[in-house]
Amino acid sequence: MLNPQLRTIVQQMPKAELHIHIEGSLEPELIFALAQRNNVSLAYPSVEALRAAYAFTDLQSFLDIYYAGASVLLKEQDFYDMTAAYLQRAAADNVRHAEIFFDPQTHTARGVPMQTVIDGIYRACQDSPVSATLILSFLRHLSEEDAFATLEAALPHRDKFIGIGLDSSERGNPPEKFARVFARCKELGFHLVAHAGEEGPPAYISTALDTLQVERIDHGVRCTDDAALVQRLAREQVALTVCPLSNIKLCVFGDMGQHNLLQLLDAGIMATVNSDDPAYFGGYMNANFEAAFEALPLGLHHAQRLARNSFAAAFLPAAQKQALLDEVDAYFAAL
Ligand SMILES: Nc1ncnc2[nH]cnc12
Ligand SMILES: [Zn+2]
């Protein structure tokens, strides 16, 4: 049982979310509403039947349903509504800043224009009281050529996203497959991140750092299979955007009691807590914090570290970052 005082503290502390796929925030109710609005037929007869299908055995079993769910997104207003709903939930969890992934290839492959995707998501960010920036993520099961074409199509909108990510099926799609396109994105001045070491081996984490030159690793939990890599991540203070509920739902760990979040923190790694695909994995930011704090012997100083790490690892201007770090410290000092 999580001490009620500690629960309230983690709920109310200021925090940043650095690993959220906006398409993974699409709740079944909104999927059905958009399907009706856009005359899209779904493979499930009801919200309940769709939710019942959310029993995943690995990453791929989730991705198949996640891409099917995104098929209801057609118009700019659909992307706006999805993003606005996420930001409202983030605000309720005291998320002060969010760096949001979007997967344009999921939509452009269905004939949705790049501008529709970006404008809808961006406009919702502009309208929110939560500070929010966007990270365009390439799908790693597709070719590097496709990623280059996606980058070209997105560049007219480059003022609307700050970074580039890499997601989708990890196994068999190593980071080096995208070495040239990431080099180009670095030249263009984008922040770089990549999913690595979620299901894939620790070597993918090293390659993402050395070959893609990423600044953060998304997930990265499998680093603990390689002691030298753990030491490196701690020494270089590489941030890991860890997603506890996602890791349980996708069977990366058997249950939350086996999650290695505390081990990562104890090793001196800059771990953060995030929701990944909250509509599919059982909860948003605070649900992730609560589940981890409930199952693991994490205390007040861990909460403060996780809150500080979330802002320290954010791609924010120095003054805004410092103000948010000061807010965290003031919050904990006042307890
Ligand atoms: N957890 C995850 N891993 C890889 N790709 C994703 N796309 C959405 N969620 C993902
Ligand atoms: Zn992810």
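Q: Is Arg7 buried, partly exposed or exposed?
A: This is a predicted model, where local features need pLDDT of at least 70 and side-chain atom pairs count only at pLDDT 80 or more. Residues are numbered from 1 along each chain as its sequence is written, and side-chain values use heavy atoms, with hydrogens and water left out. Buried means under 20% relative accessible area, exposed over 50%, and partly exposed in between (1.4 Å probe, protein chains only). Arg7 has a relative accessible area of 23%, so call it partly exposed.

Q: Which residue does Arg7 pair with at 2.6 Å?
A: A salt bridge here is a side-chain nitrogen of Lys or Arg within 4 Å of a carboxyl oxygen of Asp or Glu. For Arg7, the closest N and O atoms of its bridge are 2.6 Å apart, and the partner is Glu290.

Q: How many residues apart in sequence are the parts that Arg7 and Glu290 tie together?
A: Helices are DSSP runs (H or I, at least four residues), as are strands (E, at least two), numbered from the N terminus. Arg7 sits in helix H1 and Glu290 in helix H15, so the parts they tie together are separated in sequence by 283 residues.

Q: Which residues coordinate the zinc ion (ligand 2)?
A: Donors are N, O and S atoms within 2.8 Å of the metal (3.2 Å for Na, K and Ca), and water is not among the atoms, so sites may look incomplete. At 2.0 to 2.2 Å, the zinc ion (ligand 2) is held by His19, His21, His195 and Asp276.

Methods. Chains lettered and ligands numbered in written order.
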